Amino acid sequence: MSRLFLGLDSSTQSLSGVLIDADAGEIVTELSVSFDQDLPQYDTRNGTIPGDGVTVHSQPELWLDALDLLLGRLRDSEADLSSVCGISGSGQQHGSVYLNEQGLGRLGFLDASHSLAENLRNGFSRATSPIWMDASTSEECHEITEALGGPSDVARLTGSTAFERFAGPQIRKFYKNDPEAYRVTARIHLVSSFMASVLSGRDAAVDPGDGAGMNLMDIREKTWLDAALDATAPDLSGKLPQIRESSSISGPISPYFVQKYGFSPTCRCLVWSGDNPCSVIGLGLIKTGMTAISLGTSDTFMGLMTEPRVSEQGEGHVFGAPTGDYMTLICFRNGSLAREHVREACGYSWEAFSQALEQTLPGNGGGMMLPWVESEITPHVPTAGLRRKNLDEQDGPANCRAVIEGQMMAMKLHTAWACESPGSIYVTGGASVNRSILQVMADIFDCTVYPFRTTNGAALGAALRAYQGVESMTRGQTWRDIVQPFAVPDHQQAVRPIRAHRTIYTEHLKAFEAYEQEELQTGDSAA
Ligand code: XUL
């Protein structure tokens with residue numbers, strides 16, 4: 001009988017599942033549920049509650065309904081869920097879920113004759129969950145930073161300076177705005193540990209990968225940092241889950257899923273992690289020095305490292321990696337949403353967008369764009385607004401090139417502290433299927449870019465983590481043995497840098513850096 005492992009990815013806009021066959025070394029099925037399209041009753045826009053773009057929340061019940069829907073679809077497909085030996089998952093990072101006593105208590109008694117959302121009705125002390133796109137906690141970041149001795153201390157202690165989207169500042173804001181609701185909160189989970197708790201029907205732990213995205217964890221010890229907890233909100237330690245290594249087993253699957261979807265009662269649930277730590281595994285980044293870029297809702301740059309090292313400018317983060325090492329993560333919020341914004345403004349299909357990239361020249365005749373359609377995380381830009389220089393708004397093809405060049409040049413500039421010049425880049429995420437975009441990436445980074453066959457790197461990484469967690473107990477396989485058959489870059493689809501473009505981009509990058517600096521200093525000159 002095949003040994004199957006399931007990886008789930010609860011991301012901003014969708015829930016995806018990747019089912020792998022460990023013995024055959026292949027992906028059996030990949031399925032996805034889109035929040036906006038498949039669950040229209042929640043009326044989300046790109047998976048979030050419509051709002052002012054600064055406070056950005058989503059509903060935990062939406063994630064629960066998506067889980068029921070996805071597992072129902074898997075059960076109705078050819079997939080044999082009774083052969084699944086282990087499940088793990090990946091959650092959009094930083095989002096937090098607030099359970100009251102009732103919600104926490106219900107986890108152990110999920111009733112299969114109702115939906116998950118019905119089971120947990122009235123179980124939340126905060127009706128909605130702030131997610132990683134939220135930028136509303138600058139004041140709280142400042143307060144936490146002051147209490148911990150300044151930005152470099154916060155970074156040294158927790159792996160990152162205080163960031164608006166991190167769970168700690170979000171918890172502080174909740175405590176300040178609604179102290180009574182904070183008081184009755186029994187447990188504050190991350191999206192990852194919340195979903196893991198539901199699957200295992202018990203309070204699951206946070207792993208050091210996702211825990212590092214809270215400004216609450218001691219990055220070296222991988223334990224809660226008392227000083228950070230005190231700086232955030234009173235009595236916080238009793239409200240947080242445990243921190244456990246990401247290979248830990250949280251428990252057998254809850255009977256709810258056995259009865260409803262046909263899982264075996266012996267199926268084990270592992271601790272979940274964040275989407276970026278999971279992508280590291282899904283992309284086979286198991287050796288230090290390897291780098292990858294994920295082109296998703298946000299674009300992220302990732303690399304593995306042995307010791308936590310932070311940037312002097314306070315850019316980027318250090319998280320725990322599922323291998324037990326560390327990883328760097330540098331997040332650019334204006335990823336696919338900015339690409340789509342420009343494409344739609346031009347009235348182009350994706351095909352026309354690619355053609356526009358093909359028919360325009362590298363360096364774009366000096367035309368540049370800072371694609372800050374939303375406030376930006378890297379570099380820190382609180383005031384949203386797309387900026388253009390030497391660029392006619394009406395020139396569709398030049399705008400398409402400008403958005404992609406702007407994204408890639410920003411990535412090159414702001415990741416140099418972590419990796420000056422990568423030898424190669426593994427690339428994943430929705431936009432990684434677009435070779436015209438990858439050519440710009442290869443030219444600007446001046447290295448070969450390897451796309452992956454699956455664009456579900458995070459869900460695959462979660463499935464591989466499940467496999468590793470369950471198998472390492474009995475078989476002593478290394479990470480290399482585990483990732484090798486699955487996490488293979490597509491060498492045939494490799495995109496190599498074009499020599500002749502090197503000098504053009506060396507110059508263009510300097511001009512771009514100066515332009516970015518100018519705009520960062522003048523602040524709100526949004527076009
Ligand atoms: C990482 C970050 C995003 C989310 C999106 O710090 O904020 O990549 O994890 O899923």
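This is a predicted model: local features need pLDDT of at least 70, side-chain atom pairs count only at pLDDT 80 or more; totals for chains, interfaces and linings use all residues.
Helices are DSSP runs of H or I of at least four residues, numbered from the N terminus. On this numbering, helix 16 gives the largest share of the lining of the largest cavity, 3 residues.

The structure holds 1 cavity of 30 Å³ or more. About 100 Å³ of space lies within the largest cavity. Its lining comprises 13 residues, and the closest to the centre are Phe332, Pro371, Trp372, Glu376 and Ala410. Two elements give two or more residues to this lining: helix 16 (396-415) and helix 20 (502-522). By class, the lining of the largest cavity splits into 7 nonpolar, 4 polar and 2 charged residues.

The largest pocket has a volume of about 860 Å³. It is lined by 39 residues. Nearest its centre lie Leu295, Gly296, Thr297, Gly429 and Gly430. Strand 2 (14-21), helix 13, strand 14 (291-295), helix 14 (336-346) and helix 18 (457-471) each give two or more residues to the lining of the largest pocket. The largest share, 4 residues, comes from helix 14.

The ligand sits in the largest pocket. Helix 13 (275-282) and strand 17 (326-332) are the elements that give two or more residues to the shell around the ligand. The shell consists of Gln92, Gln93, His94, Trp132, Arg165, Asp275, Asn276, Ser298, Thr300, Leu329 and Cys331. By class, the shell has 3 nonpolar, 6 polar and 2 charged residues.

In arginine 165, a side-chain N or O atom is 2.7 Å from an oxygen atom of the ligand. For asparagine 276, the corresponding distance from a side-chain N or O atom to a ligand oxygen is 3.1 Å. A distance of 3.1 Å also separates a ligand oxygen from an N or O atom in the side chain of serine 298. On its own, the ligand has 290 Å² of accessible area, and the protein covers 97% of it.

The second largest pocket has a volume of about 660 Å³. Among its 34 lining residues, Thr161, Ser311, Gln313, Gly314 and Glu315 are the closest to the centre. Helix 5 (138-148), helix 6 (151-158), helix 16 and helix 20 each give two or more residues to the lining of the second largest pocket. Helix 16 and helix 20 also give two or more residues each to the lining of the largest cavity. The lining of the second largest pocket divides into 12 nonpolar, 14 polar and 8 charged residues.

Definitions and conventions
Residues are numbered from 1 along each chain as its sequence is written. Side-chain values use heavy atoms; hydrogens and water are left out. A residue is near a molecule or strand if one of its heavy atoms lies within 4 Å of it. A polar contact is a pair of N or O atoms within 3.5 Å; within protein, one must be able to donate a hydrogen and the other to accept it, and residues adjacent in sequence count only if both atoms are side-chain atoms. Accessible areas come from the Shrake-Rupley method with a 1.4 Å probe; for residues, only the protein chains shown count as cover. On a 1 Å grid over the protein atoms alone, a cavity is a set of points where a 1.4 Å probe fits but cannot get out, and a pocket is an open set with protein on both sides within 12 Å along at least five of seven lines; lining residues have an atom within 4 Å of a point. A molecule sits in a cavity or pocket if more than half of its atoms lie within 2 Å of its grid points. Ala, Val, Leu, Ile, Met, Phe, Trp, Tyr, Cys and Pro count as nonpolar, Asp, Glu, Lys and Arg as charged, and the others, Gly among them, as polar. Grid points are joined across faces, edges and corners, and a volume is the space filled by probe spheres set on the points.
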